Each structure stands twice: as C-alpha cells, then as structure tokens.
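This report describes selected local features of the structure shown below.

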Amino acid sequence: MSIFEGFLSTSETLAAFSDHNFVDAMLRFEAALARAQAQIGLVPESAAHSIVGSCKVELFDVAKIVRGSGRAGSVAIPLVKSLKEAVGLFNPDAVRYVHFGSTSQDVIDTAMALVTREAVSLVEADLAKAAQVLLRHAETHAATPILARTLMQPASVTSFGLKCVGWAAPLVRSRDRISEAARRALNVQLGGAVGTLAQMKGQGPQVRRLMSEALGLGDPGAAWHTQRDEWVALGCELGIMVGSLGKIAKDISLMGQYEVGELAEPSEPGRGASSAMPHKRNPVASMVALAAAERAPQRVAALLQAMPQEHERALGAWQAELGEWPQLLMSAHGSVRALAGALPGLQVDAARMRSNIDRVRAELPRDAADEWFDPALAGAAGEMALAQALVLQARLHPPQIAK
C-alpha cells in the first residue's frame with residue numbers, strides 16, 4: 001500500500017487484509033483441517049492436538065513467511081514449512097499430518113474467504129448506516145423544492161427528499177445483493193492437489209463439511225479452484241456499490257460548488273483544508289468516494305479478466321485475482337465509510353435551493369416558469385419521496401419473524 005492509499009481506505013479493512021491477519025486465517029484453516037480429519041479418523045487425535053496447538057499466529061515470524069512467498073511462488077508454502085517446524089518441536093510424529101490431503105490454494109482461498117467476511121461485514125454495516133441517514137433526510141426534506149437538472153442544466157422542480165430517496169435506493173439494493181453474493185461466495189476451499197481429495201480416502205466431503213461448520217463458512221459441495229463465478233460475482237456487486245456511492249458523491253460535490261451552494265459536507269477543524277487557500281472547504285468524503293469509483297472498475301475488470309483459468313489450477317490468473325481482491329475491498333469500504341460519516345452532518349441550504357429556482361424563473365417567460373419551475377411541484381415529488389422511503393425502510397429493516 002502506498003502513502004496515497006491509506007486515506008482512501010479504512011484502518012479496519014487494512015487490518016483485515018494485513019499480513020498478520022491473513023497468516024492467522026491460514027492457520028485457522030490448518031487447525032480446522034486437522035481437527036476435522038481427526039474427528040473421522042483420518043489422522044491420529046494426538047497429531048491433531050499438536051497441530052491445533054501450534055496454529056497460533058504469535059508463534060510465527062510473519063515477515064519471514066511473507067518474504068519466503070516470493071521465492072516459493074505462494075505464501076502457503078513457507079507457512080506450511082514453518083508450521084511443520086513448529087509441530088516437530090513437540091511431536092515429530094505429527095509432522096506428516098500437517099496440511100494432509102490439501103493444497104496451497106485450499107489454504108489461501110479459505111483464508112481469503114475468512115478475511116473477506118470481516119471486510120464485507122464492515123461494508124454492510126456502513127452501507128446500512130448511509131442508506132438510513134439518506135432516508136431520514138428524505139423524510140425531513142420530502143417537500144423541500146430544488147432544481148432537477150438534466151444534462152447538467154435546470155429542467156424542472158423536484159424535492160430534495162426525492163433526490164435523497166434516489167440516492168438511498170441503490171444502496172439498499174446493493175446491501176441485499178452483497179449479502180446474498182457473500183452467502184454464495186464465502187466458502188471453504190478444499191480439493192487437494194487436483195480437486196479430487198484423493199488422499200482422504202473418500203472422506204473428503206465429510207472433512208469439508210466439518211471444516212465449514214468450524215470456520216462459519218459455506219460448504220460448496222466441491223472444489224472451486226478454477227470455478228470463480230460466485231467469488232467474482234461478489235466482487236462485481238462491490239463494484240456496483242462503489243459506482244452508486246460515486247453517483248451520490250458526484251451530486252453532492254456539484255451541489256456544493258460555491259456558485260450553487262445547496263449542500264455542504266460537515267465542517268470540522270482541518271477537514272478539507274487547502275494548503276494555500278484558507279478560505280477553501282473541500283468535500284473530502286465525496287473525494288474519497290469518487291476516487292474509489294475511478295479505481296473500482298479496473299479492479300472488477302481484472303477479476304473478470306482472470307476468470308478463464310487453465311484446467312484444474314491456474315498459472316498467473318488466480319495469482320492476479322489475489323492481488324486485486326484486497327484493493328477492491330479497501331476501496332469499497334473506504335468509499336462507504338467516507339459517505340456514512342459525512343451524510344449525517346450534511347448541511348442542507350433550503351433557502352439557497354429556493355433562490356436558485358427563483359433565479360431560473362426570473363429568466364424565463366411566465367408560462368414556462370409556471371409550468372416547469374413552480375416550487376409547488378415539490379409537493380407531489382415529496383409524496384413520492386415519502387412513499388418510496390417507507391418501502392425502502394421496510395427493506396432495510398424487515399420485520400423479524402417469530403420462531
């Protein structure tokens with residue numbers, strides 16, 4: 001990560017994809033594998049106990065493992081080597097059962113699913129917060145008149161409440177789709193060398209089921225080493241969400257221009273300051289969301305580009321996907337966190353909104369002004385806003401069904 005990327009993401013997402021956290025997730029895979037295999041008699045209980053007891057990230061030199069990944073071509077190889085060394089210190093007989101029947105991609109894909117689950121939960125929480133705030137603004141400003149603009153020019157009168165509903169709706173839909181895509185994508189990976197689990201003597205599916213239960217991930221029923229559709233579908237949904245957030249940021253930044261003056265991001269010391277012009281107040285949250293919207297399409301495109309993978313295991317394409325995935329999640333959470341933090345304090349200048357309408361009215365013939373720019377047109381738009389907000393609120397907070 002460069003110096004320019006830190007403020008475009010969040011500390012929580014950076015931590016989720018940190019070297020330390022990822023190695024910890026790989027060790028959780030190895031512990032779950034040994035435990036599941038012992039449960040069905042594939043490895044001795046004593047061996048599993050030694051392996052599980054050694055799968056503690058604080059026992060490992062994470063930096064050394066990461067350095068070793070460059071020469072090995074996979075971070076799993078130095079990880080497994082270090083784990084075997086740790087297990088061998090206390091139980092040499094258990095070393096042969098470390099990583100038994102699995103392969104590098106099994107541990108890395110499963111670890112990626114575990115850390116992605118952390119990141120997606122952060123995205124979903126801030127997405128719900130942003131949508132909820134927008135719906136509150138929609139209710140407060142249901143009938144507040146504002147210029148509707150098409151092709152960047154004044155077109156008629158709408159209400160600011162309806163505009164807020166239009167911002168919120170894609171976020172509510174994205175939350176639903178991301179949740180469903182994550183449910184489908186966040187699975188254990190366990191296929192062994194070529195997806196057959198041959199070393200597990202027909203008990204591989206049972207091992208995978210036990211591991212999925214232990215790790216809280218889905219059991220896909222088969223290896224997905226080169227079947228990346230569900231995984232990439234989640235990436236696509238995150239990219240769509242970033243685009244929707246970028247649309248909100250674009251509108252807010254345009255409405256916040258001095259010449260328009262209808263909205264402003266919240267102000268606080270040091271926020272949005274200029275190094276040369278003390279009078280400036282830059283829309284920082286919109287900037288972060290727009291930066292993410294510029295970068296996410298390339299990340300998603302890279303995931304799609306990497307889908308045609310060779311036979312049972314990929315050479316280069318899967319590795320390219322791994323490199324892009326954390327960056328997409330970092331941009332996604334950075335974007336939604338920025339707007340979720342700014343929207344509650346969004347400064348709405350209803351008087352300036354009305355003034356901008358009046359200025360357009362003054363420059364038009366009376367008939368055109370009354371037909372298209374009558375502030376009373378906001379009334380019907382406000383009714384639409386309230387009706388749509390109710391539907392979105394119900395979708396955002398569905399009623400709990402008693403069991």
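## Aromatic pairs

W224, W231 and W325 are linked into a cluster by ring pairs. Rings of Phe, Tyr and Trp (its six-membered ring) pair if their centres lie within 6.5 Å; planes under 30 degrees apart count as stacked, over 60 as edge-to-face and the rest as tilted. The model is predicted, so local features need pLDDT of at least 70 and side-chain atom pairs count only at pLDDT 80 or more, while totals for chains, interfaces and linings use all residues. Residues are numbered from 1 along each chain as its sequence is written, and side-chain values use heavy atoms, with hydrogens and water left out.

The count by this rule comes to four aromatic pairs. One of them, F160 with W167, is edge-to-face, with 5.9 Å from centre to centre and 85° between the planes. The pair of W224 and W231 is tilted, because the ring centres are 5.8 Å apart and the planes lie at 35°. Burial (under 20% relative accessible area is buried, over 50% exposed, and partly exposed in between, with a 1.4 Å probe and protein chains only) can be stated for each of these residues. F160 is buried, with a relative accessible area of 0%, and W167 counts as buried at 2%. W224 is buried at 7% relative accessibility, and W231 is buried with a relative accessible area of 3%.

Helices (H or I, at least four residues) and strands (E, at least two) are DSSP runs, numbered from the N terminus. Strands β1 and β2 pair in the antiparallel sense over six bridges; two strands pair if DSSP finds at least two bridges between them. L147 stands opposite V157 in β2. The hairpin has two residues between the strands. L151 lies in the loop between β1 (145-150) and β2 (153-159).

Most residues other than glycine have a negative phi. What is the phi of L151? The value for L151 is near 50°, which is positive in a residue other than glycine. L151 is exposed, with a relative accessible area of 82%. K201, in the loop between α7 and α8 (204-215), also has a positive phi, near 55°. K201 is exposed, with a relative accessible area of 66%.

## Helix α10

Helix α10 covers residues 284-305, 22 residues in total, and reaches 32 Å from its first C-alpha to its last, close to the 32 Å expected at 1.5 Å a residue. The expected span of a helix is 1.5 Å times one less than its number of residues. At R295, α10 bends by about 30°, and a proline, P297, follows within four residues. The bend at a residue is the angle between axes fitted to the seven residues ending there and the seven starting there.

The buried residues of α10 are A285, S286, V288, A289, A292, A296, R299, V300 and L303. An α-helix has 3.6 residues a turn, so residues three or four places apart point the same way. The buried residues of α10 pack against α9 (229-255) and α11 (317-342), where contact means heavy atoms within 4.5 Å.

S174 lies in helix α7 (residues 160-185) and is buried, with a relative accessible area of 0%. Leaving aside residues up to four places away in sequence, S174 touches L127, I240 and M241.

H99 lies in the loop between α5 (76-90) and α6 (104-140) and counts as buried at 15% relative accessibility. The side chain of H99 makes a polar contact with the side chain of S102 at 3.1 Å. A polar contact is a pair of N or O atoms within 3.5 Å; within protein, one must be able to donate a hydrogen and the other to accept it, and residues adjacent in sequence count only if both atoms are side-chain atoms. Not counting residues up to four places away in sequence, H99 touches E30, L33, V80, S104 and V107. H99 and A34 are 65 residues apart in sequence, and their C-alpha atoms are 7.6 Å apart in space.

R208 is found in helix α8 and is buried, with a relative accessible area of 5%. A polar atom of the R208 side chain lies 3.1 Å from the backbone oxygen of G221. Beyond residues up to four places away in sequence, the residues that R208 touches include V188, L190, L197, D219 and P220.
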